[in-house]
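Dear colleague,

Please find below a structure that I am handing over to you.

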Amino acid sequence: MTAAPQTGAAMAEPVVTIVVISYNTREMTLACLASVHEQTQTPFELIVVDNASTDGSAEAIARAFPQATLIAEPVNHGFGPAHRIALARARAPWVLLLNPDTVVLDRAIDRLLAFAGRTPGAGIWEIGRA
């Protein structure tokens, strides 16, 4: 897999922080991250926590997506604690927890954020941060 180009969406002040937790899912995670870059025009930051994968996930992610914030953990913290590690670094007003087996299609993240902005009471999001 080749490195994703640094897009304007990934370089601008982020509107959404996209968090992906990886554990021995190298190929799926690379496909997920590539689809985020290909399909998202809203300015975003990408935080990936690798939970001590033994399949080369962290190295492959660092190589293919140097613009992402990669947190390569020496131990597997599990799903919830890994999200807490990532969320402590999030800068955007919106946060999306994205599973590594997800492939973003049809500008889905842009469309979700647009809908959430138009319809704040309609979903599982919360406006503001605690």
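A residue is called buried here if its relative accessible area is under 20%, exposed if over 50%, and partly exposed in between, with a 1.4 Å probe and protein chains only. The structure is a predicted model, in which local features need pLDDT of at least 70 and side-chain atom pairs count only at pLDDT 80 or more, while totals for chains, interfaces and linings use all residues. Residues are numbered from 1 along each chain as its sequence is written, and side-chain values use heavy atoms, with hydrogens and water left out.

Of the 130 residues in the protein chain, 42% are buried. The chain contains 5 helices and 4 strands; these are DSSP runs numbered from the N terminus, helices being H or I of at least four residues and strands E of at least two. From the N terminus on, the elements follow the order α-β-α-β-α-β-α-β-α.

The 4 strands form an open sheet with parallel pairing, in the order S3-S2-S1-S4. Two strands count as paired if DSSP finds at least two bridges between them. Strands S3 (69-73) and S4 (94-97) stand at the edges with a single partner strand each, so one side of each has no neighbour in the sheet. On average, neighbouring strands are turned by 20° against each other, direction ignored. Such angles run from 0 to 180 degrees between N-to-C directions, with axes fitted to C-alpha atoms, for helices over the stretch in contact.

Two of the pairings may be described further. Strand S1 (residues 16-22) is joined to S4 by 4 bridges, and Thr17 has Val95 in S4 as its bridge partner. Between S2 and S3 there are 5 bridges, and Val49 stands opposite Ile71 in S3.

Helix H3 (residues 57-64) packs on the sheet, where it touches S1, strand S2 (44-51) and S3, and its direction makes about 165° with that of S3. Contact means heavy atoms within 4.5 Å. Together, S2, H3 and S3 make a right-handed β-α-β unit: with the strands pointing away from the viewer, the path from the first strand over the helix to the second runs clockwise.

In helix H4 (residues 79-87), the residues Ala82, His83 and Ala86 are buried. Seen down the axis of H4, its buried residues fall within an arc of 105°, so they line one face of the helix; the arc is that of the directions from the helix axis to the C-beta atoms. These buried residues of H4 pack against S1, S2, S3 and S4.

Yours sincerely
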